[in-house]
Amino acid sequence: MNRAIFLNSKDTARNLATEAYFYEEALGSDEALALLYVDSPSLVFGRSQNPYRELDWLAAAERQIPMYRRISGGGAVYHDLGNLNYCFIVPRNPELVLNYAYFLEPLSNYLEKLGLQTEILRKSNLYLRGKKISGNAMALGRDKILAHGTVLFNSEIEPIEALLHRTTEGLSVTTVASDIAEVQTISELLPELSFSDFCSGLGAEIIGNGLRDYDFTASGLWPEEELAIERDYVPRFKSFEWNFKRGPEFSLKRENASWLAQLKVKGAEIIEISFEPVACDLDLGRIAQALEGRRLERAELLAALSFLGDARAADFLKELFA
């Protein structure tokens, strides 16, 4: 039986872990699965991306917005309670590899029934009246394909603009960059449609009409699946090692009126750092010594610079990394 499951959890790590569980382990090679879920505010970036390049990670941590690495490629996205996430996992078929139009059919068909005409641009994104409403990515396994994406219904736009696509000035790294696009929400065009009704409608479209080659039956997670996900997969997606440490080595050079800084980062840890003073009253040598060997994590860096005082330490980190 090919199942369609609307996940009850709004824990981003748990929902990403659920995708990984079915893709990596639980789903048979001849089975298909559809998932729909909504996440609490969070930032999610591609498997091969460097979050320190793609995100304003200091601002996200200050806002207490968690950041997670997913198992698929693609760019960084913002999830919140006004964004619907969908996921299809199907047996691998050469005709479906990178065939985003195939997996976007249910969403496109549903929006057309609502009177909205969409188009696929930049290979994997769904656009409505010239603005992006859905970003998509894939994971390609030996015997399965996972295709998933976001649907901006009434998401907050400000965090998207503030926390994604940060400056890369002075950053030297070779990783996949996020696609920058102007976005809009579906609710701007359909203000009388509730998010709940929109989610139910898309779920009905998937269950009623399926994908072109697959039919789905409404289901829930079984108790043994819940247990396996929580025990074997959630810890990975909540770990610093998965989300940040597996990123590539990179270097950063920053300059302001007070100092010139150069540092190298490996495994999300500052392995080298130096400052050249220009006109500065800070003890830059002590700062360098305090930061070397530290993880690129806001709380840890603030603790290391506690001798500056909380406000000045926070301002210094913004000058160094923002």
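Reply: The charged end of Arg-295 lies over the ring of Phe-240, 4.0 Å from the ring centre; a charge counts as sitting over a ring if NZ of Lys or CZ of Arg is within 6 Å of the ring centre and within 35 degrees of the ring normal. Arg-236 is likewise placed over the face of Trp-242, at 5.2 Å from the ring centre. The model is a predicted one, in which local features need pLDDT of at least 70 and side-chain atom pairs count only at pLDDT 80 or more, while totals for chains, interfaces and linings use all residues. Residues are numbered from 1 along each chain as its sequence is written, and side-chain values use heavy atoms, with hydrogens and water left out.

Phe-240 also belongs to an aromatic cluster, together with Phe-45, Tyr-52, Trp-57, Phe-244, Phe-250 and Phe-321. A pair of aromatic rings is described by the distance of the centres and the angle of the planes. Rings of Phe, Tyr and Trp (its six-membered ring) pair if their centres lie within 6.5 Å; planes under 30 degrees apart count as stacked, over 60 as edge-to-face and the rest as tilted. A search of the whole structure finds 19 aromatic pairs. One of them joins Tyr-21 and Tyr-233 in an edge-to-face arrangement, with 5.7 Å from centre to centre and 80° between the planes. This pair links distant parts of the chain, since Tyr-21 is in helix α1 (residues 12–26) and Tyr-233 in helix α7 (residues 223–237), 212 residues apart. Helices (H or I, at least four residues) and strands (E, at least two) are DSSP runs, numbered from the N terminus. Tyr-21 and Tyr-233 are both buried, where buried means under 20% relative accessible area, exposed over 50%, and partly exposed in between (1.4 Å probe, protein chains only).

The ring centres of Tyr-52 and Phe-250 are 5.9 Å apart and their planes stand at 35°, so this pair is tilted. It too links distant parts of the chain: Tyr-52 belongs to helix α2 (residues 51–54) and Phe-250 to strand β14 (residues 250–255), 198 residues apart. Tyr-52 is buried, at 3% relative accessible area, and Phe-250 is buried at 6%.

The axes of α1 and α7 come within 8 Å and cross at roughly 110°. That makes α1 roughly perpendicular to α7; angles under 35 degrees count as roughly parallel, over 145 as roughly antiparallel, 65 to 115 as roughly perpendicular and the rest as oblique. Axes are lines fitted to C-alpha atoms, for helices over the stretch in contact, and angles run from 0 to 180 degrees between N-to-C directions. Among the α1 residues that meet α7 are Leu-16, Ala-17, Ala-20, Tyr-21 and Phe-22, and the α7 side includes Ile-229, Tyr-233, Val-234, Arg-236 and Phe-237. Contact means heavy atoms within 4.5 Å.

Phe-153 counts as buried, at 1% relative accessibility. Beyond its neighbours within four places in sequence, Phe-153 is in contact with Gly-82, Thr-185, Ile-186, Ser-187, Leu-193, Ser-194, Phe-195 and Phe-198.
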